[in-house]
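Please read the points below with the structure open beside you. They go from the whole chain to a few single residues.

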Amino acid sequence: MASTGEVACFGANVYSAFLKAMLSTGFKLPQKGILIGIQHSFRPHFLATAHQLKEEGFKLYATEATSAWLCANDVPATTVAWPTEKEGDTSLLSIKRLISEGLIDLVVNLPNNNTQHLKDNFLIRRMAIDHNVPLITNYQVVKLFAEAVRYAGELDTTSLFHYRQKEGQHKGAPQQS
């Protein structure tokens with residue numbers, strides 16, 4: 001796991017179980033905007049995920065190079081300035097302002113150690129944590145998140161006991177009382 005703590009949830013499919021697990025940890029589904037910052041090495045794999053997020057209607061913000069790459073691949077994204085850039089030195093939107101004003105309610109930050117923006121990526125993650133904005137730093141998690149938003153369907157509160165009871169009924173097993 002990429003974080004501390006574990007949560008097990010059940011669902012009609014892996015997507016609903018995953019979303020339930022995320023929500024049970026205090027994760028909130030984004031309603032306003034998603035900030036995306038990914039390194040070059042993730043881009044070939046991330047494109048399908050970016051398209052899914054776009055198709056689900058999320059407003060996407062991205063750091064400069066990521067935004068240019070997304071837009072070139074038919075995924076509209078608003079370009080934002082790095083946290084270390086001074087607001088007067090650029091015409092781009094400030095990440096600090098967007099997060100503090102609540103316009104970004106999910107941060108996807110997939111850096112590696114071979115970046116010239118090591119400090120900026122740290123500051124983005126730190127701002128997300130300080131403002132209680134959900135943060136995803138793992139490619140597999142963001143991929144599953146995008147798929148789950150699309151395919152989870154209606155989330156229920158069925159217990160493990162009831163899932164097993166339903167499973168037994170589908171297999172033709174006698175129902176236990």
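1. The protein chain holds 7 helices and 6 strands. Read from the N terminus, the order of these elements is α-β-α-β-α-β-β-α-β-α-β-α-α. Keep in mind that this is a predicted model.

2. Some totals for the protein chain come next. Of its 177 residues, 38% are buried. Take the contacts between residues at least 6 apart in sequence: 64% of them join residues at least 24 apart. The chain exposes about 10400 Å², and carbon and sulfur atoms supply 52% of that area.

3. Helix α1 covers residues 14-24. Which of its residues are buried? They are S16, A17, F18, L19, K20, A21 and M22. Note that the list includes a lysine, K20.

4. Just after the helix, G26 has a positive phi of about 100 degrees.

5. How many aromatic pairs does a search of the whole structure find? The answer is 2. One of them is formed by Y15 and Y151, with 5.5 Å from centre to centre and 45 degrees between the planes, and this pair is tilted. Y15 lies in helix α1 and Y151 in helix α6 (residues 139-151), so the pair ties together parts that are 136 residues apart in sequence. Y15 has a relative accessibility of 23% and counts as partly exposed, because buried means under 20%. Y151 is partly exposed as well, at 42%, since exposed would mean over 50%.

6. F27 and F145 also form an aromatic pair, and this one is edge-to-face: the centres are 5.6 Å apart and the planes are 65 degrees apart. F27 sits in the loop between α1 and β1 (34-38), while F145 belongs to helix α6. The two residues are 118 residues apart, so this pair links distant parts of the chain. Are these two residues buried or exposed? F27 and F145 are both buried.

7. A last point concerns a charge and a ring. K59 lies over the face of Y61, at 5.1 Å from the ring centre.

Technical notes:
Residues numbered from 1 in each chain as written. Predicted model: local features only at pLDDT ≥ 70, side-chain atom pairs only at ≥ 80, totals over all residues. Heavy atoms only, no water. Buried < 20%, exposed > 50% of the residue type's maximum accessible area, 1.4 Å probe, protein only. Helix = DSSP H or I, 4+ residues; strand = E, 2+ residues; numbered from the N terminus. Phe/Tyr/Trp six-rings, centres within 6.5 Å; stacked < 30°, edge-to-face > 60°. Lys NZ or Arg CZ within 6 Å of the ring centre and 35° of its normal. Contact = heavy atoms within 4.5 Å. Areas by Shrake-Rupley, 256 points an atom, 1.4 Å probe, with all protein chains shown as cover.
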